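Hi,

Here is the structure I promised to pass on. Have a look at it first, and my notes on what turned up follow below.

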Amino acid sequence: MSKKTDKKRLNVLEVVRIDAVIPSSIGKPFDYHTHGLDAFDHPEFQVYAPKYCASIVASVLWSHVDAVVNDGERFTPETVTDSQGTIFGYLEVPGHSDGDPSRLLIVDRPDMCVCQYCQGKGGNCNE
Ligand SMILES: [Zn+2]
Ligand SMILES: [Zn+2]
């Protein structure tokens, strides 16, 4: 039998909340961000995306939150992660109002992908 620890994993839905801020004008993306990571001494995450991407955004945010609260992972502007062919980078952005701690904006980093497609040589990413 493998020696898997029985440590109970936190339910991310109970420890962190995701807010979606409606854009101020048509064509602008929604602002999705977390609240609650300060209790884990980690910056909040933020993503800009259209409403129709909400479910993808939620899964990206929850997997990041899970990594922080259950696996002790730390993300910084130097971090690059690879998830099923999507490469994420992190930009430090200011909080919403003066004095708010800065957040980590999750961004696409196709420039970091070594596939033919992302290098502009055709084909598909993930091939
Ligand atoms: Zn909020
Ligand atoms: Zn690629």
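Of the contacts between residues at least 6 apart in sequence, 35% join residues at least 24 apart; a contact here means two C-beta atoms, placed from the backbone, within 7 Å. Please keep in mind that this is a predicted model, where local features need pLDDT of at least 70 and side-chain atom pairs count only at pLDDT 80 or more, while totals for chains, interfaces and linings use all residues. Residues are numbered from 1 along each chain as its sequence is written, and chains are lettered from A and ligands numbered from 1 in the order in which they are written.

On to the overall layout. The protein has 2 helices and 6 strands, in the pattern α-β-β-β-α-β-β-β along the sequence. Both kinds of element are DSSP runs numbered from the N terminus: helices are H or I with at least four residues, strands are E with at least two. The C-alpha trace spans about 50 × 45 × 25 Å along its principal axes.

Now the sheet. It's an open one of 6 strands, ordered E1-E2-E3-E6-E5-E4, with mixed pairing (two strands pair if DSSP finds at least two bridges between them). At the edges sit E1 (17-21) and E4 (80-83), each pairing on one side only. From one strand to the next, the twist averages 30°. E1 and E2 run antiparallel, joined by 5 bridges, and Val21 stands opposite Asp31 in E2. E2 is also antiparallel to E3, with 4 bridges; there you'll find Phe30 opposite Ala49.

Finally, the inside. Buried residues make up 19% of the 127 residues, buried meaning 20 or more other C-beta atoms within 10 Å of a residue's own, with C-beta atoms placed from the backbone. Beyond its neighbours within four places in sequence, Tyr32 touches residues including Ile18, Val47 and Leu61.

Cheers

Definitions and conventions: Axes are lines fitted to C-alpha atoms, for helices over the stretch in contact, and angles run from 0 to 180 degrees between N-to-C directions. A residue is buried if 20 or more other C-beta atoms lie within 10 Å of its own, exposed if 12 or fewer, and partly exposed in between; C-beta atoms are placed from the backbone.
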